Amino acid sequence: MGLKRNVSLATALRYKGQGPMLTFVLHRIGGLGMAIFITIHILSSFAGGKVGIYTNSIYENWIFQIFIFFFVLFHAINGLRITIVDLFPKLIENQREAIWIEWAVFIPVYGMAVFVIIRTGLGG
Amino acid sequence: MATSTKSRTVPITKRGLNFEMMMWLFTRLSALAMYALILFAIIGALIMGARTQMNLADVMRWGFMPNVRHVQNTNVPDLAPWSTPFWKVVASLLLLVATAHGVHGLVVICDDYIVSSRGRWTVRNISIVFMTAMILIGVYVIWTS
């Protein structure tokens with residue numbers, strides 16, 4: 001019973017997983033965040049009324065949208081990379097290059113979305 | 001360590017094909033299905049005039065779930081073409097695939113921290129109840145909005 005770690009938390013945080021580890025962590029945080037976000041979103045649209053208006057006012061806030069777009073877009077683009085590499089296993093030899101391509105796709109798409117969100121948020 | 005970057009390919013007949021393996025494959029295929037449905041919704045939005053009436057973030061919000069409420073606060077003049085049964089079917093399909101994908105993802109995360117077989121049995125049962133409830137509530141929200 002229970003979870004046994006062979007390394008301390010301090011060692012775990014110093015683990016140099018680099019690029020692949022970063023995508024794993026962001027993918028997991030994003031997936032968990034989306035599950036919580038979408039669950040609350042569906043339940044509040046179901047409830048409607050005051051609860052719905054209150055949660056919608058949070059979700060429509062441009063600061064919140066910058067966060068949610070980061071996690072949703074990263075999860076989507078990283079997920080596509082994982083899918084392609086897993087369905088064509090020979091590509092795993094080039095997975096570091098795949099991660100670089102992934103960032104090259106993610107940064108412009110997310111950058112454009114953030115630009116639009118901030119411009120709309122500031123009333124432009 | 002030099003050989004660790006070499007790919008190992010095992011023929012499909014020699015791999016164990018159990019439920020977890022099927023769900024591993026389902027996670028990848030449902031990701032592709034979600035991409036197809038989202039691209040479909042974005043193309044549909046562009047055909048319905050989003051190019052001149054919506055900004056990129058609004059088109060993406062519609063793409064992630066083609067529900068008419070997601071275009072309510074945009075400059076789209078007529079909401080009727082956005083709330084047809086056709087888009088409700090697309091939205092329901094996306095909801096089904098996304099819920100199954102997401103709930104299985106939560107089970108995978110839980111499996112990393114809950115290692116007893118009793119705990120994993122509990123997680124799986126909770127996940128089935130949760131998934132059924134979210135699909136029913138989600139379908140209700142899509143078809144009544």
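This is a predicted model: local features need pLDDT of at least 70, side-chain atom pairs count only at pLDDT 80 or more; totals for chains, interfaces and linings use all residues.
Helix axes are lines fitted to C-alpha atoms over the stretch in contact, and the angle between two of them runs from 0 to 180 degrees between N-to-C directions.

The contact between the chains draws 27 residues from chain A and 25 residues from chain B. On the side of chain A that touches chain B, helix H2 (18-47), helix H4 (62-87) and helix H5 (95-121) each supply at least two residues. H2(A) gives the most to this side, with 10 residues. By class, the residues on the side of chain A that touches chain B are 17 nonpolar, six polar and four charged.

One helix pair across this contact can be described in detail. H4(A) and helix H1 of chain B (residues 19-47) have axes that come within 9 Å and cross at roughly 130°. Angles of 65 to 115 degrees count as roughly perpendicular and those over 145 as roughly antiparallel, so H4(A) is oblique to H1(B). The crossing of these two helices, H4(A) and H1(B), is left-handed. From H4(A), the residues making the contact are Gly79(A), Leu80(A), Thr83(A), Asp86(A) and Leu87(A), and from H1(B) they are Arg28(B), Ala31(B), Leu32(B) and Tyr35(B). The contact of H4(A) with H1(B) has five nonpolar, two polar and two charged residues.

H1(B) also packs against a helix of its own chain. The axes of H1(B) and H3(B) come within 8 Å and cross at roughly 130°, and H1(B) and H3(B) are therefore oblique to each other. H1(B) passes H3(B) in a right-handed crossing. Here Ile38(B), Ala41(B), Ile42(B) and Ala45(B) of H1(B) meet Val59(B), Trp62(B), Gly63(B) and Phe64(B) of H3(B). The contact of H1(B) with H3(B) consists of seven nonpolar residues, one polar and no charged.

Setting aside residues up to four places away in sequence, Ala91(B) touches Met65(B), Pro66(B), Asn67(B) and Ile142(B).

Gly121(A) lies in helix H5 of chain A. A residue is buried if 20 or more other C-beta atoms lie within 10 Å of its own, and exposed if 12 or fewer; Gly121(A) has 16 C-beta neighbours inside 10 Å and so counts as partly exposed. Gly121(A) and Asn61(A) are 60 residues apart in sequence, with their C-alpha atoms 7.7 Å apart in space.

Asn75(B) sits in the loop between H3 and H4 of chain B. Asn75(B) is exposed, because 12 other C-beta atoms lie within 10 Å. Leaving aside neighbours within four places in sequence, Asn75(B) is in contact with Gln53(B) and Met54(B). The C-alpha atoms of Asn75(B) and Ala33(B), 42 residues apart along the chain, are separated by 29 Å.

Terms used:
Residues are numbered from 1 along each chain as its sequence is written. Chains are lettered from A and ligands numbered from 1 in the order in which they are written. Two residues are in contact if their C-beta atoms, placed from the backbone, lie within 7 Å. Helices (H or I, at least four residues) and strands (E, at least two) are DSSP runs, numbered from the N terminus. Ala, Val, Leu, Ile, Met, Phe, Trp, Tyr, Cys and Pro count as nonpolar, Asp, Glu, Lys and Arg as charged, and the others, Gly among them, as polar. Angles under 35 degrees count as roughly parallel, over 145 as roughly antiparallel, 65 to 115 as roughly perpendicular and the rest as oblique. A crossing is left-handed if the near helix is turned anticlockwise from the far one by less than a right angle, and right-handed if clockwise.
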